[in-house]
Structure formats: structure tokens, C-alpha cells
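I opened my notebook to look at one chain, piece by piece. Here is what I looked up.

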Amino acid sequence: MNKIIYLPFQNGSFLKKITLFLFFMSVTLHAQIDKVEPPFWYAGMQNPELQILFYGKDISQYQVTVSNGIKITNVKRTENPNYIFVSIDTKKVAASDFVFTFKNNNNNKETFTHKYSLKKRRENSAQRKSFDSSDMMYLLMPDRFANGNRNNDSENSIKEKYNRELPGGRHGGDIEGIIKNLDYIASLGATTIWTTPLNEDNDATYSYHTYGQSDVYKIDPRFGTNDDYVRLAAEMHKKDMKLVMDYVTNHWGIEHWMMKDLPTKEWINHFDTFTQTNHKRTVIHDINASEIDKKITIDGWFVSTMPDLNLKNPLTLKYLIQNAIWWIEYADLDGFRVDTYNYSDPKGIAKWTKSITDEYPNFNIVGEVWMQSQAQMAYWQKDSKIAEIQNYNSYLPSVMDFTLYEATSKVFNEDDGSWDKGMVKLYDNFTNDFLYPNINNMLIFVENHDTNRFNQTYENDIRKYKMAMTLMATVRGIPQLYYGSEIGMAGDKNKGDADIRKDFPGGWEGDKNNAFVKEGRTSGQNDYFNFTSKLFNWRKTKAAVHFGKMTHYIPENNIYVYFRYNTNETIMVLMNNSTESKTVNTNRFKENIKDFKTGKDVISELTFDVTNKITIEPKSVLILELK
């Protein structure tokens, strides 16, 4: 057969097209279908057009028909004879099985078939409720959280084997480990879990993070099976918890099965020599940017082992749209977090996003838009007035608040509250909230799997941790907690990513410290845990914090005061970032205190008189429910 291979590196050149003529002496009676994607689909989707990828030796030479009166709307062949893309109209097709027939026009006797299924959707699937600002999201890395099944630590089909002694190796955490510890996560007040990717990553080394995926329809066998993932969602739903998948639209791994035999050269982006992205996503909205800078930003590879997907190619884009929707239906997902969202072609990623929210109007998608200003981040949120200037709409419901993260990584070490120091950094961040179309739908955090650990930055000063968590629990947006912070885990990114992604103590047999249970935690770990649990369980029922208004006051003496309120309740938050006890005159806050006389602190449960003065300890917070 003629097999077209695009090799990433060949004699120093990048993605040189090589045609290998492989002559087979034996006679092949039937073509073999090696891959069908999506492997099955669902009846009753809002968009009835389904594009099915069939992959097999010389399959494009066959004519395709389908049973049950189903209409084939398009058959797409590419320069690679091993692929054929068949589109069908499912509008009037009930959940059922039907058969595709492949016939070789050059040999009428050479015919083969493939059975395909349209499955019934879950009840009210299209209107599924997603995560929002009433939720608290718990971020974990499956390989580093808990090993619930030792039998899948290594797999024969996967290159990298279990090696817990290697900081950047595979440590054996899995889906079963998450399921076994759902009650622990729920006890923190978390209602939603975001796991870093679980799809197969068959890189030879450093595969544990799974952002270099090799099969996007398959759970990595070291984490479990597809059925295990479905079971995780089901077990979470029993506990009124939500599951968010980490989806990667920008790139795959070099070991993805398609990289061995690309459907078309245009499936991925490429240059004459290897070109890495310049990471300057500002060029996308920069009216002065050069075209070459834009091209390198969007089309450049993230790293040499992560081919950049070409969302300008309709076949690639449709494949990614359907893959995302398939996972939502199959695993009963509650949301997406999208990695490197604004590295992709802007028009392509907007179409991908809109296609999903057209199918699921309430489905929340939060994008990683790691920018340095509020205007640049707001550009990427759905219905942004800033982006409208350039006639652009990403349709992305939620973005990650990286400027707030940047502020929290410095502010609690700034004891001097003069002009632009200390609490003013937080105040200034919120003064730009007017830029966002939906300020409640922001993911807020003080750290994640790519940043220095908060407790490392602040040298495990629990007072500063309490201030930061109070901020996360009481300002607008969706708070995200990174696994282990709640027990004081630290990690130095300067030592490498493995240091900020350590194993959760107690997740492995033989761990001397089991932080999953009270009796197994040290007294210091319990101090962190108890505060976190009390704070976020309180937050679960506070509508004023979820969707209420905010009024804040210019910080004085490094003290920040703000209110969250609705027609039924008012909450007053005081943060003293100085190193001394301070007395605050409450007359300044009369417009929010109004006729309230007292406030009960959520954590200490002490009652304070709010009619005159409040004294607050150094490096501490008060969360007062006004009465």
C-alpha cells in the first residue's frame, strides 16, 4: 500500500513529507478497520451531523453505504489513503444499531461491514447543570493523589512504568484512589473536582501529568479504564459533587497514534524547522502585531513533544468538537477546564467552545488564559465588550483569574501598606472587575499545578494561609483549592514541577502520615484542615457570597474591608495584613453596616459590636455575619 508518513524530525528537517511504497506479496482480501472515532454516538443531539473517522489500510478506495435509510451527507478523503471521514445525518434516527458497508469498486467481491451504534442519552442531558460560583473546586493530579489499585501501576502496552522513587516518574495514583477519598474531599466543603488529564499519555518519560495525550478516546490504563471514569462521575453525583475534565485543544503528544500516520498534513501546524510558540498571546489582540509573530504564537508547538493541533482545518476542529461532546455524554461530565486556551487559533477555539455550549446551554467551560492584565483576560470571556471592538467573541463562559493569583503570591508578605503595597494590590485588582462580562464566573485561586506552592512562598505561615483562603471564600468567583494546601503541603517550583506535585500523604500503602483521616494527621496538618473545612463548608450555603454584590473600601494601614450582600444577608470581611493589632473605626463603613449592631465571626464564633470600633489581631481576618 502507499503509506504517507509525516515525520517530526528527519535528518534535521521538520515534518518532511515522506512517501514510502510498501509492496506486499500476499493478497489482502479485506481492508482492516483499525480505528473508528467516535466509537459510538448519541441520538437526539442538537447538531444532527456526525462525522465518523474510519482508519485502516487503503480504506479510502472503498465506497461507503449505510443501512436503515440513514443519509450520508459527505464523504471526505484526504491525501492519506488510510483515512475516510463519513458524515451522516442523525436528525431522525432513534437510538439503534446500523451497519456501514464498504465496497471496493475495483473488486466487487471485496466488501466488509462495520456495525455502529447511536445510544440513548441520559434524561435531561442537554440541560445538565454545571459548576458555578456556588461551588468550591478541588484540583488534584491523579498520579499524585492516591493509589487505589496497585494492579494498574504499570501496563505492558504503556512505555513508562511505575517508579515512585523518581520524583518525575509515575507514582501510581489512579481513579480508584480518587473514588476512595471522595468523602475526604467533600469534608473540605468542596463540591467540584477538577482533575488534570486522565487520557492516555504514552510518552517514554515524564508522562504523569498527561498533557501530551496519545489517545483522546481512552483513559490511561495506569489510571484505570473508561468505565472507571464513568464510575467516578456516578459516585460523585451520588454525593452531589461535580466532575470537571481537563481538556486540551491546543496540542497532543508526539506518541498520539495519528502522529504515526497523519490523516492529512494539515491536521497539525508545522514549519520548515521546529518552531516553538513564543508564548506572546497578546499579539492576538495587538493591532500593531506582525503576522509572523501571530503565526508563531498560534501555530508554534508548545514543546517539541507536543504537536500543535490545527484548528483552522475543518476536519481537525470537527474531530475535537465531537471528542469533547462524546466525553460529556459518555462520562456524564459537569464541566471543562481547557488547557492553554488562547494558544489555539482564535476562530477555531471559539467555534469549538460555541459548539459545546450550543449542545449544553448551562455547561461551564473555564479557560486557562494566563495573561498579565485584567483587560487581556477579559478579552477572552464570552460577550466581552473589549473583544467586540475587533468583532471577536470566544464564547468562553469563564476564565482563570491570573492577576488575582499574582497579587496573592506577594501581598501577604508586604507588611508595609503604603501607596501600592500590601492590601492595595487586592483592592486594585477588584477595581477592574467592570471589564468582565460575567464577574461571578471567574475561577479564583492562589496556586495550581503550574505555580509555586502557596505554603512554600509564605514559609508555612498559617496566618497568611487563613487570610488567602478567606479571600478565596468571600470574594466574587469560583474558588479553587489545590490538593494538599489544606494540610499545609509546600513545594518549590524552582526545584522542578515534581516538587509542587508531591504525593498526598496517606495515598499509598505504608505511608507513615495518613492525612486523609483526623487521627493520621499531625497537629499542624489538622490546624490547616480544620480551618479550611469550616470556612468552605460555611460558604456552601451563603448566597450573598455566591452571587451577591460587593462593596470594598480603600485599604488604610494595610487593612482591607469589604462587604458581600444581597437583600437577605450582609457579610463584613476585615483583613489586617500588618504586623500589629489594629482598631478600626466602623463609622466609615456606615453605608454597608446600616442599622446592624453586631457581627458574629464565622471561624471563632465570637460576636463583635460593629457600631463603633473593631479590634483585629495582626495578620488575621474576621468574617462577620451582621445581625
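Which residues does Glu 235 touch, not counting residues up to four places away in sequence? I found Ile 179 and Leu 182. I keep in mind that this is a predicted model.

**Entry: Glu 235**

I placed Glu 235 in helix H4, which covers residues 226–238. Buried would need a value under 20%. I also checked a distance along the way. Glu 235 and Asn 429 are 194 residues apart along the chain, and their C-alpha atoms are separated by 38 Å.

**Entry: H4 and its neighbours**

I looked next at how H4 packs. Its partner helix H6 spans residues 314–331. The two axes are 9 Å apart, at an angle of about 65 degrees. From H4, the residues in the contact are Asn 226, Asp 227, Tyr 229, Val 230 and Ala 233. They meet Trp 326, Trp 327, Tyr 330 and Ala 331 in H6. I sorted this contact by class: seven residues are nonpolar, one is polar and one is charged.

**Entry: the barrel**

How many strands form the closed barrel? I counted along the order S11-S12-S15-S16-S17-S18-S19-S20, which gives eight strands with parallel pairing. Neighbouring strands are turned by 25 degrees against each other on average, direction ignored.

I then picked out S17, residues 364–367. Both of its faces are covered. Asn 364 and Val 366 are buried on one side, and Ile 365 and Gly 367 are buried on the other. On one pairing, S17 joins S16 (residues 335–339) in the parallel sense over four bridges. There, Phe 336 has Ile 365 as its bridge partner. S17 also pairs in the parallel sense with S18 (residues 398–400), over two bridges. In that pairing, Gly 367 stands opposite Val 399.

**Entry: H5**

Helix H5 holds residues 291–299. I noted four buried residues in it: Ile 296, Thr 297, Ile 298 and Asp 299. Helix H7 (346–359) is included in what covers them.

**Entry: H13 and H14**

I moved on to H13 (residues 462–474) and H14 (residues 523–539). Their axes come within 10 Å and cross at roughly 15 degrees. That angle is why I call H13 roughly parallel to H14. The crossing is right-handed. I listed some of the residues that meet. Among them are Tyr 465, Met 469 and Ala 473 in H13, and Tyr 528, Phe 531 and Leu 535 in H14. By class, this contact has 10 nonpolar, three polar and three charged residues.

**Entry: the open sheet**

Which strands form the open sheet? I read six, in the order S21-S22-S23-S28-S25-S26, with antiparallel pairing. The edge strands are S21 (549–556) and S26 (607–609), and each pairs on one side only. The twist averages 25 degrees from one strand to the next.

Last, I checked one pair in detail. S22 (residues 559–565) and S23 (residues 570–576) run antiparallel, joined by seven bridges. Tyr 565 stands opposite Thr 570 in S23.

How values were computed: Residues numbered from 1 in each chain as written. Predicted model: local features only at pLDDT ≥ 70, side-chain atom pairs only at ≥ 80, totals over all residues. Heavy atoms only, no water. Axes fitted to C-alpha atoms, helices over the stretch in contact; angles between N-to-C directions. Parallel < 35°, antiparallel > 145°, perpendicular 65-115°, else oblique. Left-handed = near helix turned anticlockwise from the far one by under 90°. Contact = heavy atoms within 4.5 Å. Nonpolar A, V, L, I, M, F, W, Y, C, P; charged D, E, K, R; others polar. Buried < 20%, exposed > 50% of the residue type's maximum accessible area, 1.4 Å probe, protein only. Pairing = 2+ DSSP bridges.
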